[in-house]
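Please examine the sequence and the structure shown below. The paragraphs that follow lead through selected parts, one after another.

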Amino acid sequence: MTHPLQEYFCEAKDGRIGDEKAREDITGLVNNMDLIKDACAIFGVEKNNDTACYTVGKVYDVHGESYGCVTVLSDDVVHVIGQDEQQEIHEKLNFMLVTTYLEFRRLCKDKEDAIEIWDGYLDLVMSRNFLPLYENGVRARLIHNGSIEQAKLPTVVYVLYQSYDAVYG
């Protein structure tokens with residue numbers, strides 16, 4: 001099984017698509033049951049027993065091109081964020097996650113060890129930008145599946161879960 005980052009690096013999608021098509025792609029991914037099942041499977045791998053999750057997606061304009069970011073949040077993460085700040089935090093998280101991927105791709109796509117350093121880089125960015133969430137065990141993980149591959153819009157998809165190991169040692 002290949003690392004999701006490798007799958008994204010192999011894609012050659014053009015971010016210059018119409019707004020309507022971009023919104024259709026994001027909506028399709030947010031409501032895609034295969035993607036949600038794959039995300040929920042990661043909860044089990046990460047020893048998070050959540051069975052409920054929430055999916056949030058948005059299209060961003062980055063340097064004149066459209067990029068999508070979809071985040072599948074475990075129920076625990078939603079509770080850690082809290083009801084009052086959910087919309088604002090979702091927006092900040094998604095924007096940070098899409099720009100983190102784009103910057104990493106720009107700097108490291110042709111590096112031999114890019115795959116090995118990605119997860120640590122993502123943890124570092126999460127800890128720097130969302131320290132209270134990070135200290136409460138919230139972690140991000142990049143995922144990829146056939147649904148993402150079929151979208152016309154260049155889109156990155158993350159799972160956000162609470163790592164019980166990080167919280168309870």
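The side chains of Y54 and D75 make a polar contact at 3.1 Å in this model, which is a predicted one. Y54 belongs to strand 1, which covers residues 53-62. Apart from neighbours within four places in sequence, the residues in contact with Y54 are T71, V72, L73, D75 and V78. Y54 has a relative accessibility of 39%. Because buried residues lie under 20% and exposed ones over 50%, Y54 is classed as partly exposed.

From Y54 one may turn to V30: the two residues are 24 places apart in sequence, and their C-alpha atoms are 9.0 Å apart in space. V30 is one of the buried residues of helix 2, together with A22, D25, I26 and L29. Viewed down the helix axis, the buried residues of helix 2 fall within an arc of 130 degrees, and they therefore line one face of the helix. Helix 2 itself comprises twelve residues, 19-30. From first C-alpha to last, helix 2 reaches 16 Å, close to the 16 Å expected at 1.5 Å a residue.

A further helix deserves attention. Helix 5 spans residues 86-108. The side chain of T100 reaches the backbone oxygen of M96 at 2.6 Å. Beyond neighbours within four places in sequence, T100 is in contact with W118, Y121, L122 and V125.

Key. Residues numbered from 1 in each chain as written. Predicted model: local features only at pLDDT ≥ 70, side-chain atom pairs only at ≥ 80, totals over all residues. Heavy atoms only, no water. Helix = DSSP H or I, 4+ residues; strand = E, 2+ residues; numbered from the N terminus. Polar contact = N/O pair within 3.5 Å; in protein donor to acceptor, adjacent residues only side chain to side chain. Contact = heavy atoms within 4.5 Å. Expected span 1.5 Å × (residues − 1). Buried < 20%, exposed > 50% of the residue type's maximum accessible area, 1.4 Å probe, protein only. Arc of directions from axis to C-beta.
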